[in-house]
Amino acid sequence: MIYVTSQGDMWDKIALEVYGSEHLMHILIDANPKYRKVLVFSANCELNIPELPRQRVNNIPLPWRGSA
């Protein structure tokens, strides 16, 4: 997916908008090394938005965990 920035966008705001958490902005930064040092974006920068990695939940009690 591609995200086109608006004037004033910041990594944390974009992460909150696309992933629902500003704490995931590191994923966006890693996927867009060209913009790594940008703090406040100008308009019309195209950012790659990778899918979030799937997380496996291992703390579920055994009877409900199922086979994996």
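**Fold and contacts**

Reply: The protein has three helices and two strands, where helices (H or I, at least four residues) and strands (E, at least two) are DSSP runs numbered from the N terminus. This is a predicted model, where local features need pLDDT of at least 70, side-chain atom pairs count only at pLDDT 80 or more, and totals for chains, interfaces and linings use all residues. Residues are numbered from 1 along each chain as its sequence is written, and side-chain values use heavy atoms, with hydrogens and water left out.

Me: In what order do the elements run from the N terminus on?

Reply: The protein's parts list is three helices and two strands. Read from the N terminus, the order is β-α-α-β-α.

Me: What share of the contacts with a separation of 6 or more comes from residues 24 or more positions apart?

Reply: Contact here means heavy atoms within 4.5 Å. Among the contacts in the protein with a separation of 6 or more, residues 24 or more positions apart account for 54%.

Me: Is Thr-5 buried or exposed?

Reply: Thr-5 is in the loop between β1 (2–4) and α1 (11–19). The cut-offs are under 20% relative accessible area for buried, over 50% for exposed, and partly exposed in between (1.4 Å probe, protein chains only). Thr-5 has 3% relative accessibility, so it counts as buried.

Me: Which residue's backbone oxygen lies 2.7 Å from a polar atom of the Thr-5 side chain?

Reply: Leaving out residues up to four places away in sequence, Thr-5 touches several residues, including Ile-14, Phe-41, Asn-44 and Leu-47. Ser-42 is also one of those Thr-5 touches. The backbone oxygen 2.7 Å from the Thr-5 side chain's polar atom belongs to Ser-42.

Me: What is phi of Asn-44 near?

Reply: Asn-44 sits in the loop between α2 (25–31) and β2 (46–48). With a relative accessible area of 62%, Asn-44 is exposed. Its phi is positive, in a residue other than glycine, and near 70°.

**Salt bridges**

Me: Which residues are linked in a network of salt bridges?

Reply: A salt bridge is a side-chain nitrogen of Lys or Arg within 4 Å of a carboxyl oxygen of Asp or Glu, and a search of the whole structure finds three. Asp-9 pairs with Lys-13 at 3.0 Å, N to O, and Lys-13 also pairs with Glu-17 at 3.0 Å. The linked residues are Asp-9, Lys-13 and Glu-17.

Me: Which helix holds both Lys-13 and Glu-17?

Reply: Lys-13 is partly exposed, at a relative accessible area of 37%, whereas Asp-9 is buried at 3%. Lys-13 and Glu-17 are four residues apart, about one turn of the helix, and both lie in α1.

Me: Which residue meets Asp-30 in a salt bridge?

Reply: The N to O distance for this salt bridge is 3.7 Å.

Notes. A polar contact is a pair of N or O atoms within 3.5 Å; within protein, one must be able to donate a hydrogen and the other to accept it, and residues adjacent in sequence count only if both atoms are side-chain atoms.
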